[in-house]
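I opened a new notebook page for this structure. My plan is to look things up one at a time and write down what I find.

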Amino acid sequence: MSAPADNSAVFLPGPWQHRLINANGCQFHIAHMGEHRSDRPLVLLVHGFPEYWWTWRHQIEAVALAGYEVAAIDQRGIGGSDKTPDSADGMLLTQDLAAIVRSLGTSRAVVIGQGRGGFLAWSVAALEPDVVEGVMTVSAPHPRTLQRLGTHLTLKTWRQVLKTLIPHYAAKRLTDEKVLRKLLTDWSAPGNVGASEEAANYAAALRLPEAASISLEQLRWSYLSTSKINGREHMALTRRFVNATVWAVRGERDPLLPARAWRKDLEFARGNYRFIEVPDAGHFVQEEQPSRVTELVLEFLAQI
């Protein structure tokens, strides 16, 4: 049986500050650290499924100490951010990122996103090319890869897709710590517990009212969006070229996305593009190999 909902998982202590900010008609929770500098961009860290801001716990302090303002966000509908009726709309979530940047008082940002957060990082770079100076994606090939059939996705990925088509059943399972630990383990490199050891925190955040259902709705939106008007609008957006610097990071042992899934990136990434594979990591590279990802983030920022 799942434990009751407890929002203490959202406000986990650390060197960061927890803030609530308003942007795009929604209140967002962020873990914030560092001071604004006019000569350096804001670093926006965006989580993926089935996690929240805590997935970036290893990177926040190091990036701030390197002289950057950092905001690790909870996406609309997740963690400590508002659960609005339209929280699954990928076009709205893309607009949210640009609005958060402006709400923090800057017009320059580097967006670093994992999984669905990387999907949104690609999208906001296309939507706001004058704001987004750089994009680093982790376990997130270009969005149009997810909108086409083919062997670029593994059988494990398609099994997960099918599971989400039974919303109530899937949401209930997602809040069970043991079930979630198994999912995190299955998506990680064999023997790596960097993500799965945090199953209790992730399950606690998903037990907040509506969070698990919204998290699954957001995932379903990623591959069923072409049937919706806003999904077709988003698809049109993803056809735009991205001229910002893009580094794409993949865990060599990612069971969901083989390296061939990134081949479409170069059709759209028209600036400085680099594809990097990290050994002994699966889908949650920033947690499975945190030191290596932190090194890559700092190297990436140094050239922006």
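**Salt bridges**

I started with charged pairs. The side chains of R108 and E133 form a salt bridge, with N and O 2.6 Å apart. I then looked up where the two residues sit. R108 is in the loop between α2 and β5, and E133 is in strand β6, so the pair ties together parts that are 25 residues apart in sequence. I reminded myself that this is a predicted model.

My next pair was E277 and R250. Their side chains meet in a salt bridge of 2.5 Å, N to O. This pair links distant parts of the chain: E277 belongs to strand β8, R250 to strand β7, and they are 27 residues apart. I checked burial here too. Buried means under 20% relative accessible area. R250 has 6% relative accessibility, so R250 counts as buried. E277 has 33% and counts as partly exposed.

Then I turned to R274, which forms a salt bridge with E299; the closest N and O atoms are 3.2 Å apart. R274 lies in strand β8 and E299 in helix α13 (residues 290-302), so this pair ties together parts 25 residues apart in sequence. R274 is partly exposed, with a relative accessible area of 30%. E299 counts as partly exposed at 38%. I also noted a network: R76, D86 and D96 are joined by salt bridges that share partners.

How many salt bridges are there by this rule? The count comes to 12.

Several of my strands kept coming up, and I looked for their sheet. I found an open sheet of eight strands with mixed pairing. Its order is β1-β2-β4-β3-β5-β6-β7-β8.

Strands β6 (residues 132-138) and β7 (residues 245-251) run parallel and are joined by five bridges. I followed T137 across to β7, where its bridge partner is A248.

Next I asked what packs on the sheet. Helix α2 (residues 90-103) does, touching β1, β2 (26-33), β3 (42-46), β4 (70-73) and β5 (109-114). The direction of α2 makes about 110 degrees with that of β1.

**Buried parts**

I moved on to what is hidden. Helix α8 (residues 199-206) is mostly covered, with seven of its eight residues buried. I listed them: A199, N201, Y202, A203, A204, A205 and L206.

Which residues have the most contacts inside the largest nonpolar core? They are L44, Y52, W53 and I60, and the core has 95 residues. I took L44 as my example. Leaving aside neighbours within four places in sequence, L44 is in contact with A71, I73, L97, I100, V101, V110, V111 and I112.

Conventions:
Residues are numbered from 1 along each chain as its sequence is written. This is a predicted model: local features need pLDDT of at least 70, side-chain atom pairs count only at pLDDT 80 or more; totals for chains, interfaces and linings use all residues. Side-chain values use heavy atoms; hydrogens and water are left out. Two strands pair if DSSP finds at least two bridges between them. Helices (H or I, at least four residues) and strands (E, at least two) are DSSP runs, numbered from the N terminus. Contact means heavy atoms within 4.5 Å. Axes are lines fitted to C-alpha atoms, for helices over the stretch in contact, and angles run from 0 to 180 degrees between N-to-C directions. Buried means under 20% relative accessible area, exposed over 50%, partly exposed in between (1.4 Å probe, protein chains only). A nonpolar core is a set of buried Ala, Val, Leu, Ile, Met, Phe, Trp, Tyr and Cys residues joined through side-chain atoms within 4.5 Å. A salt bridge is a side-chain nitrogen of Lys or Arg within 4 Å of a carboxyl oxygen of Asp or Glu.
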